[in-house]
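Thanks for coming, everyone. I have one model to walk through today. Please have a look at the screen first.

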Amino acid sequence: MQKKKILIVEDNEQNLYLETFLLEKQGYDVIQARNGQEGLDTAAAERPDLILLDIQLPVMDGYEVARRLKQSQETQRIPILAVTSYAMAGDREAVLAAGCEGYIEKPIDPDHFAEQVKRFLNAELGKMKSEESGD
Ligand code: MN
């Protein structure tokens, strides 16, 4: 089976390194972007299977990135999992309203992060399959 490709959009080098390490260890093909615009461009060029999206980003924030990804026919089907330290009430709703399908809180838990991502991705892939077959 071909490796699933995950794009991580994250401006904090430590977080980017840790998330990349954990997902590569799990067998994913990881690509990286360090600001919102780069994330948008990389998503369009690489068509990843999943996007992990930080919200506080330079150039363009994660909310705007999510909105634009969902507005573009090229990228609207790619599931987005927000990874953010915004833990206050209402932030989850804002992330989902911007177009993200899910949400993981920072700081990430290194023991469970890869499993959380895998579970989310498999659930999203399952939804796409049932949409295609008309179930
Ligand atoms: Mn950030």
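**Walking through the model**

Let me begin with one residue. Y28 is buried, and its relative accessible area is 9%. Keep in mind that this is a predicted model.

Where does Y28 sit? Y28 belongs to the loop between α1 and β2. Which residues does Y28 touch, once neighbours within four places in sequence are set aside? The contacts are K3, K4, I6, L23, K118 and L121. There is also K5 to consider. Y28 and K5 lie 23 residues apart in sequence, yet 6.1 Å apart in space, C-alpha to C-alpha.

K5 takes us into strand β1. The strand covers residues 5-9, and five of the five are buried, so β1 is largely enclosed by the rest of the structure. Look at the side chains. K5, L7 and V9 point one way from β1. I6 and I8 point the other way. Both sets are buried.

Now the pairing of β1. On one hand we have β2, residues 29-33. β1 and β2 run parallel and are joined by five bridges. In that pairing, K5 stands opposite D29 of β2. How does the chain get from β1 to β2? The path goes through helix α1, residues 13-25, and this β-α-β crossover is right-handed.

Then there is β3. Four bridges pair β1 with β3, again in the parallel sense. I8 faces L52 of β3, and V9 stands opposite L53 of β3.

Now step back to the sheet. What is the strand order? The order reads β2-β1-β3-β4-β5, an open sheet of five strands with parallel pairing. β2 and β5 are the edge strands, each pairing on one side only. On average, neighbouring strands of this sheet are turned by 20 degrees against each other, direction ignored. Helix α2 packs on the sheet and touches β1, β2 and β3. The direction of α2 makes about 145 degrees with that of β2.

On to the metal. Which residues coordinate the manganese ion? Three do: D11 and D54, each through OD, and Q56 through O, at 2.0 to 2.2 Å. Along the chain, the donors follow the spacing D-x42-D-x1-Q. Q56 counts as partly exposed, at 48% relative accessibility.

Last topic: salt bridges. How many are there? The count comes to ten. I will pick out a few.

Start with R47 and E74. Their side chains meet in a salt bridge, 3.4 Å from N to O. R47 lies in the loop between α2 (36-46) and β3 (50-53), and E74 in the loop between α3 (62-71) and β4 (80-84), so this pair ties together parts that are 27 residues apart in sequence. Both partners are partly exposed. R47 has a relative accessible area of 44%, and E74 has 47%.

Next, E64 and R68. The closest N and O atoms of this salt bridge are 2.9 Å apart. E64 is partly exposed at 25%, and R68 is partly exposed at 37%.

Helix α3 has another link to show. The side chains of E101 and K70 meet in a salt bridge, 2.9 Å from N to O. Why does this one tie together separate parts? E101 lies in the loop between α4 (91-97) and β5 (102-105), while K70 is in helix α3, so the pair connects parts that are 31 residues apart in sequence. E101 counts as partly exposed, at 32% relative accessibility.

Finally, a network. Salt bridges that share partners join E10, D54 and K106 into one network. That brings D54 back.

Terms used. Residues numbered from 1 in each chain as written. Predicted model: local features only at pLDDT ≥ 70, side-chain atom pairs only at ≥ 80, totals over all residues. Heavy atoms only, no water. Donors = N, O, S within 2.8 Å, 3.2 Å for Na, K, Ca; no water. Buried < 20%, exposed > 50% of the residue type's maximum accessible area, 1.4 Å probe, protein only. Salt bridge = Lys/Arg side-chain N within 4 Å of Asp/Glu carboxyl O. Helix = DSSP H or I, 4+ residues; strand = E, 2+ residues; numbered from the N terminus. Pairing = 2+ DSSP bridges. Right-handed = clockwise from strand over helix to strand, strands pointing away. Axes fitted to C-alpha atoms, helices over the stretch in contact; angles between N-to-C directions. Contact = heavy atoms within 4.5 Å.
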